[in-house]
Amino acid sequence: LGESRIPVIQENVKAAIGGQMSLFSLGFGNDVKYPFLDVMSRENNGLARRIYEGSDAALQLQGFYDEVSSPLLLDVDLRYPDNAVDSLTTNQFSQLFNGSEIVVAGRRKDNDIDNFPVQVSGQGSNDFSEQGRFSALDWSGMYPDDDYIFGDFTERLWAYLTIQQLLDKSKTGDAEEKANASAEALDMSLRYSFVTPLTSMVVTKPETDDSPMIADKLTE
């Protein structure tokens, strides 16, 4: 019999890879321990996908292959001026695939948002580095008649990305780091009214029935 302890398997895989490659995992069906595959892949700069049973399994496999088969850049880094931004979401990415996108959100420390410099670098067939300046878009001018029902869209985008990254951190690291990340993710989820694996969604029935319905928490 081989090793069956999940933490030991994860450590062995991480040591064997040694940061020299990315790990992409597939889990078939509903009985697979998907969180185990997800954490192990994230620890090795990859990702995991569950393949659901059914006639479209081949399409799911093809979709996963199409997603990861065309890497464009490695070690993508977006750098901003020192002391100019805070509360920045992840700005370093292990890969950029063809057809994917990168979104970074944060808060400026001042109101001067014109000619904002940013430097983007990465590794491909040749080292890539580009520096430019960006100006803020006037959202009210672009969408004058559209009011977002939850308030400031850009702030909620920042909150959503931050929560997702905290949830990722809650799956790795030591016990204290996991607890701190989970607590912060829960606080932000409640503050911005996001449904996450740490929160529940209450659905009210018609007025004829006053008892609330609570949706099950997500398991992945």
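**Close-up 1. The largest nonpolar core of this predicted model is made up of 12 residues.** In this model, which is predicted, the core consists of Ala105, Trp158, Ala159, Leu161, Ile163, Leu166, Leu167, Ala181, Ala185, Met188, Tyr192 and Phe194. Two elements, α5 (153-169) and α6 (175-192), are the ones that give two or more residues to this core, and α5 gives the most, with 6 residues. Leu166 can be followed as one member of the set: leaving aside residues up to four places away in sequence, Leu166 touches Ala181, Glu184, Ala185 and Met188. A second, separate core holds 5 residues, among them Tyr34, Phe36, Leu37 and Ala48.

**Close-up 2. Phe24 and Phe97 form an edge-to-face aromatic pair.** The structure holds 3 aromatic pairs, and in the one formed by Phe24 and Phe97 the rings lie 6.2 Å centre to centre, with 65° between the planes. Because Phe24 lies in the loop between α1 (6-17) and β1 (25-28), whereas Phe97 belongs to strand β5 (residues 92-97), the pair ties together parts that are 73 residues apart in sequence. Phe24 is partly exposed, its relative accessible area being 31%, while Phe97 counts as buried at 10% relative accessibility.

**Close-up 3. Tyr160 and Phe194 form a tilted aromatic pair.** The ring centres of Tyr160 and Phe194 are 5.9 Å apart and the planes stand at 55°, so the pair is classed as tilted. Distant parts of the chain are linked by this pair, since Tyr160 is in helix α5 and Phe194 is in the loop between α6 and β9 (202-204), 34 residues apart. With a relative accessible area of 41%, Tyr160 is partly exposed, whereas Phe194, with a relative accessible area of 19%, is buried.

**Close-up 4. The charged ends of Arg107 and Arg156 sit over aromatic rings.** The charged end of Arg107 is placed over the ring of Trp158, 4.2 Å from its centre. The charged end of Arg156 is placed over the ring of Phe194, 4.3 Å from its centre. Trp158 and Phe194 are also among the residues that make up the largest nonpolar core, and Phe194 is the ring that pairs with Tyr160.

**Close-up 5. Glu3 is joined to Arg5, and Arg49 to Glu67, by salt bridges.** Side chains of opposite charge can pair when their charged atoms come close. The count for this structure comes to 8 salt bridges. In the one between Glu3 and Arg5, the closest N and O atoms are 2.7 Å apart; Glu3 counts as partly exposed at 36% relative accessibility, and Arg5 counts as exposed at 52%. In the salt bridge of Arg49 with Glu67, the closest N and O atoms are 2.8 Å apart. Arg49 is in strand β2 (residues 48-51) and Glu67 in helix α3 (residues 57-68), so this pair ties together parts that are 18 residues apart in sequence. Arg49 is partly exposed, with a relative accessible area of 32%, and Glu67 likewise counts as partly exposed, at 31% relative accessibility.

**Close-up 6. Asp187 and Arg191 form a salt bridge, and a network of salt bridges links four other residues, Asp38, Arg42, Asp168 and Lys171.** The closest N and O atoms of Asp187 and Arg191 are 2.5 Å apart. Both residues of this pair, Asp187 and Arg191, lie in helix α6, where they are 4 residues apart, about one turn of the helix. Asp187 is partly exposed, with a relative accessible area of 42%.

Key: Residues numbered from 1 in each chain as written. Predicted model: local features only at pLDDT ≥ 70, side-chain atom pairs only at ≥ 80, totals over all residues. Heavy atoms only, no water. Core = buried A, V, L, I, M, F, W, Y, C linked by side-chain atoms within 4.5 Å. Buried < 20%, exposed > 50% of the residue type's maximum accessible area, 1.4 Å probe, protein only. Contact = heavy atoms within 4.5 Å. Phe/Tyr/Trp six-rings, centres within 6.5 Å; stacked < 30°, edge-to-face > 60°. Lys NZ or Arg CZ within 6 Å of the ring centre and 35° of its normal. Salt bridge = Lys/Arg side-chain N within 4 Å of Asp/Glu carboxyl O.
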